[in-house]
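Hello,

The structure we talked about is below. My notes on it follow.

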Amino acid sequence: MSSIPTYDSLELPSFVETALVTGAGGFVGQKLVLLLLKLYPNLRIIATDIIEPPSHNVNDNKRLRNVKADLNKPEQLKDLFESEKIGVVFALHGIMSGGSEQNFDLGYSVNLDSHRSLLKATHQHAELTLKPEQPRPIYVFASSLAVYGQVTPKSIVNPKTKPVIPESSYGVQKHAIEMIVYDYGRKGYLDTRTVRLVTVTVRPGEPSSAASSYISGMIREPLQGKESLCPIANSLEDKELDYYLTWVGKTKTVIRNILFAAILDGKKLVEIVPERIVNLPGIQITPRQIIETLIKYGGKDKLKLIKFEKDPKVIAICDTWAGEFDNTDAVNLGFQVDDSKDGYDQAVKDFIDEELGGKVAQA
Ligand SMILES: NC(=O)c1ccc[n+]([C@@H]2O[C@H](COP(=O)([O-])OP(=O)(O)OC[C@H]3O[C@@H](n4cnc5c(N)ncnc54)[C@H](O)[C@@H]3O)[C@@H](O)[C@H]2O)c1
């Protein structure tokens, strides 16, 4: 009988001595660096972002090298690889969906151009530092389920049959890079794997430029006594709160799955998904469920902190997101999936425990 692997049962291949994490100042990047620090005491981590990445209380530069760099600047990109021997890359940096839609040029330059440059630099690095018979660096690219267009929140996407026709610049940029990442794998230049992330929740910190920002915002802000906007409905009675079915994953599960993508058997990956792209598994929630969960853990008074006001720009993007995806490939590959009944409650509880120190703001 096969046993379900625990959260921490993740062994990196022995040739991996150094990991490069881009977007390490962002939400996912910070959490991934923390998990790498926790699991691998002997791993060297290079954490980079256009903003100064956090030190996570690590003062040893051999253990964690933080680099503030704009990955669109060739000389800054080159410096990352200088005198290093990078065995795994987690390519996480990017401009989110709302930001890419608003700023066309910035979206293309970061989500497309800089990712292409990073692939090229990693390949060159491998050529310079490895013998032909040595394993190529593992390369994990964080894509998004937003690559799927021509769907509605009521759609169920089966990746085996659903063509990818993005309906946002972000989706186009992500899909274009997915294909180039695949090509580097096909050529044997790098051991590439693309994971399409579900909406990761509950996101801490400030609201992001993602159109999905409200999904975390309706929990995060009210639990801290702050107002939060619900941009897809005009009132609590609005039927849109049941219409915008949303596919999410709790933070811990998604971060573990990104790491697992680097570890899973490459042969098995290609057998199941020849294009080397996995839709990370998720669970379905509704905006109404988010509000109910807020009340459950924060008290009824938090409801008054949610301000209902439809935003056509957010709605236009949310209208092109499917509310359900077939998890079969990901589960067969060994990715973890949240419990469909209480996975979302767990996500909120994790947020309260880990980000709010167990404390919810009083009325
Ligand atoms: N968080 C989610 O729910 C979600 C869902 C689907 C896909 N993703 C993808 O996962 C990845 C990580 O998401 P996140 O939520 O951590 O995003 P984030 O916005 O929190 O982090 C992205 C980071 O990229 C950095 N960055 C932007 N331009 C850069 C540049 N030119 N050079 C270097 N760094 C630059 C930003 O400073 C930021 O810290 C992204 O690629 C995103 O598209 C995230």
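Where is Ser-340 found? Ser-340 sits in the loop between α12 (328-333) and α13 (343-355); helices (H or I, at least four residues) and strands (E, at least two) are DSSP runs, numbered from the N terminus. This is a predicted model, in which local features need pLDDT of at least 70, side-chain atom pairs count only at pLDDT 80 or more, and totals for chains, interfaces and linings use all residues. Residues are numbered from 1 along each chain as its sequence is written.

Ser-340 is exposed because it has 12 other C-beta atoms within 10 Å (12 or fewer is exposed, 20 or more is buried, and in between is partly exposed, with C-beta atoms placed from the backbone). Its C-alpha atom is separated by 8.4 Å from that of Gly-282, 58 residues apart along the chain.

An automatic or database assignment sets the domain bounds: domain 1 is 18-200 + 250-279, and domain 2 is 202-247 + 283-323 + 340-353. Their C-alpha centres lie 27 Å apart. In contact (C-beta atoms within 7 Å) are 25 residues of domain 1 and 24 residues of domain 2. On the side of domain 1 that touches domain 2, two or more residues come from each of α3 (97-102), β6 (156-157), β8 and α8. α3 gives the most, with four residues.

As for helix α1 (residues 27-39), its buried residues include Phe-27, Val-28 and Leu-36. The buried residues of α1 pack against elements including β1 (18-22), β2 (44-49) and α8 (251-263).

Regards

Definitions and conventions: Contact = placed C-beta atoms within 7 Å.
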